[in-house]
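Please read this note with the model open beside you.

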Amino acid sequence: MTQVGHGRVTFSFKDAINLGFSYLRRRRDRSILNIASISLGLSFYTSLILTDMFYQTYATLGGASQSVESTYYWLVIIALIVSVVGITNAMLISVFERVREIGTMKCIGALDQHVLLLFLVEALLQGLVGGLIGYILGVGAALLSTGFTTGFNIILYVQPVRLFTIFAASLGISLILSTVATMYPAYKASKLDPVEALRYEL
Amino acid sequence: MSSEKVIELKELARHFEVGGDLVKALDGVDLDIGRGEYVSLVGPSGSGKTTLFNMIGGLDRPTNGSVYIDGVDISKLDAYELAWLRCRRIGYIFQSFNLIQVLTALENVSLPTVFAGLPRDEGNEKARQLLESVGLGDRINHKPTQLSAGQQQRVAIARALANDPAIILADEPTGNLDLKTGTEIIDLLHKLNRSKGLTLVAATHDLKMIKASDRVVMMRDGRIEKIEKGEAPLNHN
Ligand SMILES: Nc1ncnc2c1ncn2[C@@H]1O[C@H](COP(=O)(O)OP(=O)(O)OP(=O)(O)O)[C@@H](O)[C@H]1O
Ligand SMILES: [Mg+2]
(Lines give C-alpha, C1' and ligand atoms only; values in the text may rest on other atoms or scores of the structure.)
(Ligands and ions follow the chains in the order given, each with its own letter.)
Protein backbone atom coordinates (compact mmCIF):
# COMPACT_ATOMS: atom_id res chain seq x y z
CA MET A 1 0.00 0.00 0.00
CA THR A 2 2.64 2.51 0.98
CA GLN A 3 5.42 0.78 -0.87
CA VAL A 4 8.06 2.88 -2.55
CA GLY A 5 7.05 3.84 -6.06
CA HIS A 6 3.42 2.86 -5.64
CA GLY A 7 0.53 5.26 -5.61
CA ARG A 8 0.03 8.84 -6.61
CA VAL A 9 -0.02 12.04 -4.65
CA THR A 10 -3.12 14.18 -5.15
CA PHE A 11 -4.09 17.81 -4.82
CA SER A 12 -7.52 18.61 -6.21
CA PHE A 13 -8.99 21.92 -7.31
CA LYS A 14 -10.98 21.91 -4.09
CA ASP A 15 -7.84 21.33 -2.02
CA ALA A 16 -6.24 24.25 -3.84
CA ILE A 17 -9.23 26.46 -3.09
CA ASN A 18 -9.06 25.60 0.61
CA LEU A 19 -5.35 26.31 0.86
CA GLY A 20 -5.46 29.33 -1.46
CA PHE A 21 -8.29 30.82 0.54
CA SER A 22 -6.23 30.48 3.73
CA TYR A 23 -3.38 32.35 2.08
CA LEU A 24 -5.63 35.13 0.79
CA ARG A 25 -7.35 35.52 4.13
CA ARG A 26 -4.20 35.57 6.21
CA ARG A 27 -2.40 37.94 3.82
CA ARG A 28 -5.32 40.27 3.74
CA ASP A 29 -3.44 43.49 2.88
CA ARG A 30 -1.85 42.01 -0.22
CA SER A 31 -5.10 40.39 -1.32
CA ILE A 32 -7.02 43.63 -0.87
CA LEU A 33 -4.46 45.54 -2.92
CA ASN A 34 -4.67 43.00 -5.72
CA ILE A 35 -8.43 43.02 -5.66
CA ALA A 36 -8.50 46.82 -5.57
CA SER A 37 -6.13 47.01 -8.49
CA ILE A 38 -8.18 44.72 -10.66
CA SER A 39 -11.55 46.10 -9.60
CA LEU A 40 -10.53 49.69 -10.35
CA GLY A 41 -9.40 48.76 -13.84
CA LEU A 42 -12.62 46.88 -14.40
CA SER A 43 -14.88 49.49 -12.92
CA PHE A 44 -13.44 51.90 -15.47
CA TYR A 45 -14.26 49.44 -18.22
CA THR A 46 -17.80 48.67 -17.07
CA SER A 47 -18.61 52.29 -16.32
CA LEU A 48 -17.71 53.31 -19.88
CA ILE A 49 -19.73 50.54 -21.49
CA LEU A 50 -22.68 51.20 -19.23
CA THR A 51 -22.50 54.97 -19.72
CA ASP A 52 -22.75 54.37 -23.42
CA MET A 53 -25.60 51.97 -22.90
CA PHE A 54 -27.50 54.36 -20.64
CA TYR A 55 -27.22 57.15 -23.23
CA GLN A 56 -28.39 54.81 -25.97
CA THR A 57 -31.36 53.76 -23.90
CA TYR A 58 -32.06 57.40 -23.16
CA ALA A 59 -32.05 58.14 -26.91
CA THR A 60 -34.53 55.34 -27.64
CA LEU A 61 -36.76 56.88 -24.98
CA GLY A 62 -36.64 60.15 -26.92
CA GLY A 63 -33.77 61.91 -25.13
CA ALA A 64 -30.81 63.64 -26.73
CA SER A 65 -28.28 61.24 -28.18
CA GLN A 66 -24.78 61.25 -26.66
CA SER A 67 -21.83 58.90 -26.71
CA VAL A 68 -18.58 58.20 -24.93
CA GLU A 69 -15.46 59.53 -26.58
CA SER A 70 -13.45 56.72 -28.07
CA THR A 71 -10.18 57.91 -26.47
CA TYR A 72 -11.60 56.74 -23.17
CA TYR A 73 -11.41 53.18 -24.41
CA TRP A 74 -7.68 53.56 -24.79
CA LEU A 75 -7.50 54.69 -21.23
CA VAL A 76 -9.41 51.58 -20.18
CA ILE A 77 -6.90 49.37 -21.92
CA ILE A 78 -4.06 51.19 -20.21
CA ALA A 79 -5.79 50.91 -16.83
CA LEU A 80 -6.20 47.15 -17.32
CA ILE A 81 -2.57 46.74 -18.33
CA VAL A 82 -1.49 48.68 -15.25
CA SER A 83 -3.54 46.41 -13.02
CA VAL A 84 -2.08 43.30 -14.66
CA VAL A 85 1.44 44.56 -14.04
CA GLY A 86 0.53 45.42 -10.46
CA ILE A 87 -0.82 41.96 -9.80
CA THR A 88 2.18 40.28 -11.43
CA ASN A 89 4.42 42.29 -9.17
CA ALA A 90 2.42 41.49 -6.04
CA MET A 91 2.31 37.78 -6.87
CA LEU A 92 6.06 37.70 -7.47
CA ILE A 93 6.60 39.19 -4.04
CA SER A 94 4.25 36.57 -2.67
CA VAL A 95 6.35 33.83 -4.29
CA PHE A 96 9.55 35.21 -2.75
CA GLU A 97 7.94 35.42 0.66
CA ARG A 98 6.80 31.84 0.40
CA VAL A 99 9.94 30.22 -0.98
CA ARG A 100 10.54 28.12 2.14
CA GLU A 101 6.90 27.15 2.39
CA ILE A 102 6.88 26.05 -1.23
CA GLY A 103 10.02 24.01 -0.55
CA THR A 104 8.34 22.50 2.49
CA MET A 105 5.25 21.61 0.51
CA LYS A 106 7.39 19.82 -2.03
CA CYS A 107 9.03 17.96 0.85
CA ILE A 108 5.70 16.62 2.03
CA GLY A 109 4.56 15.50 -1.40
CA ALA A 110 3.55 18.47 -3.56
CA LEU A 111 4.35 18.21 -7.26
CA ASP A 112 5.23 21.19 -9.45
CA GLN A 113 1.74 21.27 -10.89
CA HIS A 114 0.19 21.39 -7.41
CA VAL A 115 2.14 24.55 -6.60
CA LEU A 116 1.12 25.99 -9.97
CA LEU A 117 -2.51 25.17 -9.28
CA LEU A 118 -2.36 26.78 -5.84
CA PHE A 119 -1.13 30.09 -7.21
CA LEU A 120 -3.56 30.07 -10.13
CA VAL A 121 -6.45 29.35 -7.79
CA GLU A 122 -5.41 32.29 -5.65
CA ALA A 123 -5.46 34.40 -8.82
CA LEU A 124 -8.90 33.10 -9.75
CA LEU A 125 -10.32 33.85 -6.32
CA GLN A 126 -8.94 37.38 -6.44
CA GLY A 127 -10.18 37.81 -9.99
CA LEU A 128 -13.66 36.68 -9.00
CA VAL A 129 -13.94 39.17 -6.18
CA GLY A 130 -12.22 41.90 -8.21
CA GLY A 131 -14.61 41.41 -11.11
CA LEU A 132 -17.62 41.53 -8.82
CA ILE A 133 -16.53 44.70 -7.07
CA GLY A 134 -15.40 46.23 -10.36
CA TYR A 135 -18.82 45.67 -11.82
CA ILE A 136 -20.64 47.19 -8.87
CA LEU A 137 -18.33 50.22 -8.86
CA GLY A 138 -18.74 50.53 -12.62
CA VAL A 139 -22.53 50.56 -12.38
CA GLY A 140 -22.29 53.24 -9.69
CA ALA A 141 -19.88 55.35 -11.71
CA ALA A 142 -21.96 55.08 -14.88
CA LEU A 143 -25.10 56.11 -13.03
CA LEU A 144 -23.29 59.07 -11.51
CA SER A 145 -22.01 60.26 -14.86
CA THR A 146 -25.31 59.89 -16.73
CA GLY A 147 -27.93 60.18 -14.02
CA PHE A 148 -28.15 63.95 -13.95
CA THR A 149 -28.98 63.99 -17.66
CA THR A 150 -30.96 60.80 -18.10
CA GLY A 151 -32.39 60.38 -14.63
CA PHE A 152 -31.06 57.73 -12.26
CA ASN A 153 -33.90 55.36 -13.07
CA ILE A 154 -32.41 54.91 -16.54
CA ILE A 155 -30.95 51.62 -15.37
CA LEU A 156 -34.48 50.27 -15.04
CA TYR A 157 -35.06 50.82 -18.76
CA VAL A 158 -32.03 48.85 -19.86
CA GLN A 159 -32.78 45.26 -20.76
CA PRO A 160 -31.63 43.09 -17.82
CA VAL A 161 -29.96 40.67 -20.20
CA ARG A 162 -27.67 43.45 -21.41
CA LEU A 163 -26.69 44.31 -17.85
CA PHE A 164 -26.04 40.66 -17.21
CA THR A 165 -23.92 40.35 -20.33
CA ILE A 166 -21.72 43.16 -19.09
CA PHE A 167 -21.59 41.57 -15.66
CA ALA A 168 -20.43 38.30 -17.20
CA ALA A 169 -17.92 40.12 -19.40
CA SER A 170 -16.45 42.01 -16.48
CA LEU A 171 -16.15 38.82 -14.45
CA GLY A 172 -14.62 37.01 -17.41
CA ILE A 173 -12.11 39.75 -18.14
CA SER A 174 -11.20 39.94 -14.49
CA LEU A 175 -10.58 36.20 -14.27
CA ILE A 176 -8.55 36.18 -17.46
CA LEU A 177 -6.45 39.18 -16.50
CA SER A 178 -5.63 37.97 -13.01
CA THR A 179 -4.77 34.54 -14.38
CA VAL A 180 -2.53 36.04 -17.05
CA ALA A 181 -0.91 38.27 -14.43
CA THR A 182 -0.19 35.28 -12.21
CA MET A 183 1.07 32.90 -14.87
CA TYR A 184 4.72 33.87 -14.65
CA PRO A 185 4.91 34.06 -10.81
CA ALA A 186 3.04 30.76 -10.52
CA TYR A 187 5.36 29.10 -13.01
CA LYS A 188 8.38 30.39 -11.12
CA ALA A 189 6.98 29.08 -7.84
CA SER A 190 6.22 25.67 -9.29
CA LYS A 191 9.76 25.27 -10.63
CA LEU A 192 11.47 26.08 -7.33
CA ASP A 193 13.98 23.45 -6.39
CA PRO A 194 13.08 22.22 -2.89
CA VAL A 195 16.73 21.95 -1.81
CA GLU A 196 17.43 25.53 -2.83
CA ALA A 197 14.12 26.69 -1.40
CA LEU A 198 14.90 25.21 2.00
CA ARG A 199 18.35 26.79 2.06
CA TYR A 200 16.77 30.15 1.30
CA GLU A 201 16.80 32.61 4.19
CA LEU A 202 14.47 35.57 4.21
CA MET B 1 19.32 -3.33 15.46
CA SER B 2 17.09 -5.14 13.05
CA SER B 3 18.67 -6.81 10.06
CA GLU B 4 16.12 -5.49 7.57
CA LYS B 5 17.61 -2.54 5.71
CA VAL B 6 15.38 0.46 5.14
CA ILE B 7 18.02 2.81 3.80
CA GLU B 8 21.09 1.77 1.84
CA LEU B 9 23.60 4.27 0.57
CA LYS B 10 26.15 3.02 -1.92
CA GLU B 11 29.21 5.08 -2.82
CA LEU B 12 27.03 8.12 -2.58
CA ALA B 13 28.59 11.31 -3.90
CA ARG B 14 27.24 14.79 -4.51
CA HIS B 15 29.50 17.43 -5.96
CA PHE B 16 28.73 21.09 -6.49
CA GLU B 17 30.54 23.44 -8.75
CA VAL B 18 30.90 26.82 -7.14
CA GLY B 19 32.66 29.45 -9.20
CA GLY B 20 34.90 26.94 -10.94
CA ASP B 21 35.71 25.06 -7.73
CA LEU B 22 34.43 21.60 -7.04
CA VAL B 23 32.83 21.17 -3.63
CA LYS B 24 32.47 17.55 -2.63
CA ALA B 25 29.51 17.82 -0.26
CA LEU B 26 29.34 14.02 -0.25
CA ASP B 27 32.34 12.06 -1.32
CA GLY B 28 31.60 8.34 -1.30
CA VAL B 29 29.26 7.46 1.53
CA ASP B 30 28.37 3.83 2.22
CA LEU B 31 25.82 3.25 4.92
CA ASP B 32 23.02 0.79 5.74
CA ILE B 33 20.31 1.72 8.18
CA GLY B 34 18.02 -0.94 9.61
CA ARG B 35 14.32 -0.74 10.27
CA GLY B 36 13.57 0.90 13.58
CA GLU B 37 17.11 2.08 14.03
CA TYR B 38 17.96 5.42 15.56
CA VAL B 39 21.00 6.92 13.91
CA SER B 40 22.62 10.19 14.85
CA LEU B 41 24.59 12.05 12.24
CA VAL B 42 27.26 14.29 13.65
CA GLY B 43 29.99 16.33 12.10
CA PRO B 44 31.21 19.88 11.74
CA SER B 45 29.31 22.45 9.74
CA GLY B 46 29.66 21.73 6.03
CA SER B 47 30.45 18.06 6.50
CA GLY B 48 27.48 17.04 4.34
CA LYS B 49 24.70 16.13 6.77
CA THR B 50 21.96 18.15 5.12
CA THR B 51 23.11 17.06 1.69
CA LEU B 52 22.84 13.45 2.85
CA PHE B 53 19.26 14.05 4.01
CA ASN B 54 18.39 15.61 0.68
CA MET B 55 19.66 12.46 -1.02
CA ILE B 56 17.73 10.07 1.21
CA GLY B 57 14.55 12.11 0.77
CA GLY B 58 14.91 12.15 -3.00
CA LEU B 59 15.03 15.94 -3.00
CA ASP B 60 18.32 15.98 -4.85
CA ARG B 61 20.05 13.60 -7.23
CA PRO B 62 23.48 12.17 -6.49
CA THR B 63 26.44 12.91 -8.72
CA ASN B 64 27.47 9.33 -8.20
CA GLY B 65 26.33 6.23 -6.36
CA SER B 66 22.84 5.34 -5.28
CA VAL B 67 20.21 5.48 -2.58
CA TYR B 68 17.97 2.52 -1.91
CA ILE B 69 14.81 2.92 0.16
CA ASP B 70 13.14 -0.38 1.01
CA GLY B 71 15.38 -1.94 -1.59
CA VAL B 72 14.27 0.40 -4.38
CA ASP B 73 16.88 2.49 -6.18
CA ILE B 74 15.26 5.89 -5.99
CA SER B 75 17.16 7.25 -8.97
CA LYS B 76 14.83 5.04 -11.02
CA LEU B 77 11.73 6.83 -9.73
CA ASP B 78 9.94 9.50 -11.72
CA ALA B 79 8.66 12.79 -10.28
CA TYR B 80 5.34 11.24 -9.23
CA GLU B 81 6.96 8.32 -7.48
CA LEU B 82 9.45 10.57 -5.73
CA ALA B 83 6.63 12.78 -4.50
CA TRP B 84 4.87 9.68 -3.22
CA LEU B 85 8.04 8.59 -1.46
CA ARG B 86 8.38 11.96 0.25
CA CYS B 87 4.71 12.04 1.08
CA ARG B 88 4.18 8.54 2.40
CA ARG B 89 7.50 6.99 3.36
CA ILE B 90 9.47 9.85 4.80
CA GLY B 91 8.74 12.50 7.41
CA TYR B 92 10.89 15.61 7.58
CA ILE B 93 11.70 17.64 10.63
CA PHE B 94 13.73 20.82 10.21
CA GLN B 95 15.73 23.04 12.49
CA SER B 96 13.49 26.00 11.66
CA PHE B 97 10.23 23.99 11.83
CA ASN B 98 9.06 25.21 8.40
CA LEU B 99 5.40 25.29 9.26
CA ILE B 100 3.00 26.97 6.84
CA GLN B 101 2.41 30.28 8.56
CA VAL B 102 -1.12 30.89 7.30
CA LEU B 103 -2.40 27.51 8.48
CA THR B 104 -3.44 26.39 11.94
CA ALA B 105 -1.64 23.56 13.73
CA LEU B 106 -4.39 21.18 12.64
CA GLU B 107 -4.22 22.32 9.01
CA ASN B 108 -0.43 22.04 9.00
CA VAL B 109 -0.55 18.49 10.29
CA SER B 110 -3.32 17.43 7.93
CA LEU B 111 -1.67 18.92 4.83
CA PRO B 112 0.41 15.80 4.08
CA THR B 113 -2.78 13.71 4.24
CA VAL B 114 -4.26 15.95 1.55
CA PHE B 115 -1.39 15.06 -0.77
CA ALA B 116 -1.77 11.42 0.24
CA GLY B 117 -5.37 11.57 -0.95
CA LEU B 118 -6.97 10.89 2.43
CA PRO B 119 -10.55 12.19 2.73
CA ARG B 120 -10.70 15.50 4.53
CA ASP B 121 -12.38 14.45 7.77
CA GLU B 122 -10.14 11.42 8.06
CA GLY B 123 -7.10 13.64 7.61
CA ASN B 124 -8.37 16.10 10.19
CA GLU B 125 -9.13 13.34 12.65
CA LYS B 126 -5.66 11.90 12.15
CA ALA B 127 -4.11 15.33 12.65
CA ARG B 128 -6.13 15.87 15.80
CA GLN B 129 -4.95 12.58 17.28
CA LEU B 130 -1.35 13.30 16.38
CA LEU B 131 -1.46 16.76 17.91
CA GLU B 132 -2.92 15.22 21.03
CA SER B 133 -0.17 12.63 21.12
CA VAL B 134 2.50 15.36 21.04
CA GLY B 135 0.73 17.21 23.83
CA LEU B 136 -0.94 19.94 21.80
CA GLY B 137 -4.54 18.77 21.98
CA ASP B 138 -5.61 22.19 23.23
CA ARG B 139 -3.72 24.12 20.57
CA ILE B 140 -5.06 22.64 17.36
CA ASN B 141 -6.53 25.89 16.08
CA HIS B 142 -3.50 28.03 16.87
CA LYS B 143 -1.38 29.51 14.12
CA PRO B 144 2.41 28.94 14.27
CA THR B 145 2.98 32.55 15.37
CA GLN B 146 0.78 31.87 18.38
CA LEU B 147 2.92 28.94 19.49
CA SER B 148 6.28 28.75 21.26
CA ALA B 149 9.30 27.34 19.44
CA GLY B 150 8.98 24.00 21.22
CA GLN B 151 5.29 23.81 20.41
CA GLN B 152 5.98 24.62 16.76
CA GLN B 153 8.50 21.81 16.61
CA ARG B 154 5.89 19.47 18.10
CA VAL B 155 3.49 20.49 15.35
CA ALA B 156 6.25 19.78 12.83
CA ILE B 157 6.80 16.35 14.38
CA ALA B 158 3.08 15.62 14.19
CA ARG B 159 3.11 16.73 10.57
CA ALA B 160 6.07 14.44 9.84
CA LEU B 161 4.03 11.54 11.25
CA ALA B 162 0.82 12.36 9.39
CA ASN B 163 1.15 9.67 6.73
CA ASP B 164 2.70 7.00 8.95
CA PRO B 165 6.14 7.18 7.36
CA ALA B 166 8.74 4.48 7.91
CA ILE B 167 11.58 6.97 8.12
CA ILE B 168 11.96 10.24 9.97
CA LEU B 169 14.71 12.58 8.82
CA ALA B 170 15.40 15.24 11.41
CA ASP B 171 17.95 17.92 10.51
CA GLU B 172 19.09 19.50 13.79
CA PRO B 173 15.60 19.34 15.29
CA THR B 174 16.73 20.98 18.53
CA GLY B 175 18.98 23.59 16.91
CA ASN B 176 16.56 26.44 17.54
CA LEU B 177 15.34 25.32 20.94
CA ASP B 178 16.49 25.99 24.47
CA LEU B 179 17.93 23.16 26.52
CA LYS B 180 14.74 22.16 28.30
CA THR B 181 12.49 22.28 25.23
CA GLY B 182 15.18 20.55 23.20
CA THR B 183 15.31 17.72 25.70
CA GLU B 184 11.55 17.32 25.53
CA ILE B 185 11.69 17.11 21.75
CA ILE B 186 14.49 14.54 21.93
CA ASP B 187 12.48 12.45 24.38
CA LEU B 188 9.46 12.67 22.12
CA LEU B 189 11.41 11.55 19.05
CA HIS B 190 13.06 8.77 21.01
CA LYS B 191 9.69 7.57 22.27
CA LEU B 192 8.27 7.55 18.74
CA ASN B 193 11.26 5.62 17.51
CA ARG B 194 10.85 3.00 20.20
CA SER B 195 7.06 2.73 20.31
CA LYS B 196 6.28 2.93 16.61
CA GLY B 197 9.40 1.28 15.31
CA LEU B 198 10.15 4.36 13.24
CA THR B 199 13.55 4.60 11.67
CA LEU B 200 14.99 7.86 12.91
CA VAL B 201 17.95 9.58 11.32
CA ALA B 202 18.89 12.80 13.02
CA ALA B 203 21.64 15.30 12.35
CA THR B 204 22.52 16.85 15.65
CA HIS B 205 25.11 18.47 17.84
CA ASP B 206 23.09 17.64 20.90
CA LEU B 207 24.88 15.22 23.24
CA LYS B 208 21.62 14.01 24.75
CA MET B 209 20.33 13.12 21.35
CA ILE B 210 23.57 11.43 20.40
CA LYS B 211 23.52 9.41 23.61
CA ALA B 212 20.02 8.14 23.00
CA SER B 213 20.81 6.75 19.55
CA ASP B 214 21.69 3.22 18.48
CA ARG B 215 24.52 4.34 16.25
CA VAL B 216 26.43 7.51 15.75
CA VAL B 217 27.73 8.29 12.28
CA MET B 218 30.48 10.86 12.28
CA MET B 219 30.99 12.80 9.11
CA ARG B 220 33.78 14.97 7.89
CA ASP B 221 34.32 16.53 4.47
CA GLY B 222 31.57 14.51 2.86
CA ARG B 223 32.80 11.16 4.15
CA ILE B 224 31.97 8.93 7.04
CA GLU B 225 34.83 9.27 9.44
CA LYS B 226 33.71 6.83 12.07
CA ILE B 227 30.67 4.88 13.20
CA GLU B 228 30.14 4.16 16.86
CA LYS B 229 27.50 2.48 18.93
CA GLY B 230 25.29 4.82 20.91
CA GLU B 231 26.07 5.83 24.48
CA ALA B 232 29.76 5.90 23.70
CA PRO B 233 30.66 8.87 21.58
CA LEU B 234 31.02 11.42 24.32
CA ASN B 235 34.63 11.86 23.37
CA HIS B 236 33.59 13.44 20.06
CA ASN B 237 34.64 17.14 20.18
N1 LIG C 1 23.53 24.01 -3.47
C2 LIG C 1 24.82 24.05 -3.12
N3 LIG C 1 25.70 24.68 -3.90
C4 LIG C 1 26.99 24.71 -3.57
N5 LIG C 1 27.51 24.15 -2.49
C6 LIG C 1 26.68 23.51 -1.67
C7 LIG C 1 25.30 23.42 -1.93
N8 LIG C 1 24.71 22.71 -0.95
C9 LIG C 1 25.69 22.39 -0.10
N10 LIG C 1 26.88 22.85 -0.52
C11 LIG C 1 28.17 22.66 0.13
O12 LIG C 1 28.28 21.32 0.51
C13 LIG C 1 28.89 21.16 1.76
C14 LIG C 1 28.02 20.39 2.69
O15 LIG C 1 26.89 21.15 3.03
P16 LIG C 1 25.76 20.64 4.02
O17 LIG C 1 24.70 21.68 4.05
O18 LIG C 1 25.34 19.28 3.63
O19 LIG C 1 26.54 20.60 5.40
P20 LIG C 1 25.97 20.28 6.87
O21 LIG C 1 26.76 19.15 7.40
O22 LIG C 1 24.51 20.12 6.82
O23 LIG C 1 26.36 21.60 7.64
P24 LIG C 1 25.59 22.34 8.84
O25 LIG C 1 25.97 21.61 10.10
O26 LIG C 1 26.16 23.72 8.82
O27 LIG C 1 24.15 22.32 8.54
C28 LIG C 1 29.20 22.57 2.22
O29 LIG C 1 30.54 22.86 1.92
C30 LIG C 1 28.29 23.43 1.43
O31 LIG C 1 28.83 24.71 1.22
MG1 LIG D 1 22.91 21.21 7.63
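Which element gives the largest share of the shell around ligand 1? The numbered points begin with that ligand.

1. The model is a predicted one, in which local features need pLDDT of at least 70 and side-chain atom pairs count only at pLDDT 80 or more, while totals for chains, interfaces and linings use all residues. Residues are numbered from 1 along each chain as its sequence is written, chains are lettered from A and ligands numbered from 1 in the order in which they are written, and side-chain values use heavy atoms, with hydrogens and water left out.

2. Helix α1(B) gives the largest share of the shell around ligand 1, namely three residues. The ligand itself lies between chains A and B, and of the 15 residues around ligand 1 (a heavy atom within 4 Å), those that come nearest are Ser45(B), Gly46(B), Lys49(B), Thr50(B) and Thr51(B).

3. Polar contacts (pairs of N or O atoms within 3.5 Å) can be followed from both chains. A polar side-chain atom of Arg199(A) is 2.9 Å from a nitrogen atom of ligand 1, whereas oxygen atoms of the ligand lie 2.5 Å from a side-chain N or O atom of Thr51(B) and 3.4 Å from a polar side-chain atom of Glu172(B). Of the 640 Å² of accessible area that ligand 1 has on its own, the protein covers 73% (Shrake-Rupley method, 1.4 Å probe).

4. Turning to another part of chain B, helix α3 (residues 105-115) is largely enclosed by the rest of the structure, because nine of its eleven residues are buried (under 20% relative accessible area, with a 1.4 Å probe and protein chains only). Among these buried residues are Leu106(B), Val109(B), Leu111(B) and Phe115(B). Their cover includes α1 (13-26), α4 (99-107) and α5 (112-150) of chain A, as well as α2 (79-89), α4 (120-133) and α5 (149-161) of chain B. Just after α3(B), Gly117(B) takes a positive phi of about 85°. Helices here are DSSP runs (H or I, at least four residues), numbered from the N terminus.

5. In chain A, is Thr46(A) buried or exposed? Thr46(A), which belongs to helix α2 (residues 28-60) of chain A, has a relative accessible area of 0% and is therefore buried. Leaving aside neighbours within four places in sequence, Thr46(A) is in contact (heavy atoms within 4.5 Å) with Gly134(A), Tyr135(A), Gly138(A), Ile166(A) and Ser170(A).

How values were computed: Helix = DSSP H or I, 4+ residues; strand = E, 2+ residues; numbered from the N terminus. Buried < 20%, exposed > 50% of the residue type's maximum accessible area, 1.4 Å probe, protein only. Polar contact = N/O pair within 3.5 Å; in protein donor to acceptor, adjacent residues only side chain to side chain.
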